[in-house]
Amino acid sequence: MGATKVILPSLARTANTDSVDLQNPKHRGMQLIIDVTAIVTSPSIVATIQGKDPASGKYYDLVSSAAITAVGTTVLSIYPALTGQANVKEDNGLPLDFRVSVAHANANSITYSIGGNMLK
């Protein structure tokens, strides 16, 4: 493994959230760890690793989780030569510029953190 990153600290959130732009100067992939520790009513989030197009500045989806609706830990992986599995892992490299985007299906509170393990 390589470096680790705190991408989003643990907070109660109720709306769509994007991380700051992140840089990956020397790693081929990453494990994204979404740790949900508290929910109110019935929240639903989907976390997505997005690459950033250097020409247009637009983001594109690399791998997304299934809807997360309960307390627990979800891991997404992106790395060349993985056997792809929908909503879990993607056979792809991690680009130089990327971010993590979290889409909330409703305004119900969900407390989560997101960390990343960079993979060489």
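**Close-up views of a predicted β-strand model**

**View 1. Strand β2 meets β9.** Strand β2, residues 17–18, pairs with β9 in the antiparallel sense over two bridges. The model is predicted. Asp-18 marks one of the contacts between the strands: its bridge partner in β9 is Ser-101. Strand β3, residues 22–23, also runs antiparallel to β9. Two bridges join β3 to β9. Here Leu-22 has Phe-98 of β9 as its bridge partner.

**View 2. Strand β5 pairs with β9.** Seven bridges link β5 and β9, and the sense is antiparallel. Thr-48 stands opposite Ser-101 in β9. Ser-101 is also the bridge partner of Asp-18. Strand β9 spans residues 97–104. Is β9 enclosed or open to the outside? Six of its eight residues are buried, so β9 is largely enclosed by the rest of the structure. The cut-off for buried is a relative accessible area under 20%.

View 3. Strand β5 covers residues 45–52 and β6 covers residues 59–64. The two run antiparallel, joined by five bridges. Ile-49 faces its opposite number, Val-63, in β6. Six residues lie between the strands of this hairpin. Gly-57 takes a positive phi there, near 80°.

**View 4. Pro-54 in the β5–β6 loop.** Pro-54 sits in the loop between β5 and β6. Is Pro-54 buried or exposed? Its relative accessible area is 77%, so Pro-54 is exposed. Asp-97 lies 43 residues from Pro-54 along the chain.

**View 5. The open sheet of five strands.** The order across this sheet is β1-β10-β4-β7-β8, and the pairing is mixed. Which strands are at the edges? They are β1 (4–13) and β8 (89–90), each pairing on one side only. Strands of a sheet pair through backbone hydrogen bonds, in either the parallel or the antiparallel sense.

**View 6. The parallel pair β7 and β8.** Strand β7, residues 72–78, pairs with β8 in the parallel sense. Two bridges make up this pairing. Ile-78 has Glu-90 of β8 as its bridge partner. The loop between β7 and β8 holds Ala-81.

**View 7. Two loop residues with positive phi.** Most residues other than glycine have a negative phi. Thr-41 is not a glycine, yet its phi is positive, about 60°. Thr-41 is found in the loop between β4 (29–39) and β5. Its relative accessibility is 67%, so Thr-41 counts as exposed. Ala-81 is another non-glycine residue with a positive phi, near 80°. This residue lies in the loop between β7 and β8. At 70% relative accessibility, Ala-81 counts as exposed. The cut-off for exposed is over 50%.

View 8. Ser-109 belongs to the loop between β9 (97–104) and β10 (110–119). Why does Ser-109 count as buried? Its relative accessible area is 18%, and buried means under 20%.

**View 9. The whole chain, for orientation.** The chain has 10 strands and zero helices. From the N terminus on, its elements run β-β-β-β-β-β-β-β-β-β. The radius of gyration is 14 Å, close to the 14 Å that the globule rule gives for 120 residues, so the chain is as compact as a globular protein of that length. Along the principal axes, the C-alpha atoms fill a box of roughly 40 × 30 × 25 Å. Buried residues account for 39% of the 120 residues. Of the contacts between residues at least 6 apart in sequence, 73% join residues at least 24 apart.

**View 10. Surface and charge.** The accessible surface of the chain comes to about 6,000 Å². Carbon and sulfur atoms hold 52% of that surface. The chain carries 9 positive and 8 negative side chains. The centres of these two sets lie 6 Å apart.

Key
Residues are numbered from 1 along each chain as its sequence is written. Side-chain values use heavy atoms; hydrogens and water are left out. Helices (H or I, at least four residues) and strands (E, at least two) are DSSP runs, numbered from the N terminus. The radius of gyration is taken over C-alpha atoms; the globule rule is 2.2 Å times the number of residues to the power 0.38. Buried means under 20% relative accessible area, exposed over 50%, partly exposed in between (1.4 Å probe, protein chains only). Contact means heavy atoms within 4.5 Å. Accessible areas come from the Shrake-Rupley method with a 1.4 Å probe; for residues, only the protein chains shown count as cover. Lys and Arg count as positive and Asp and Glu as negative; His and the chain ends are not counted. The place of a charge is taken as NZ of Lys, CZ of Arg, CG of Asp or CD of Glu. Two strands pair if DSSP finds at least two bridges between them.
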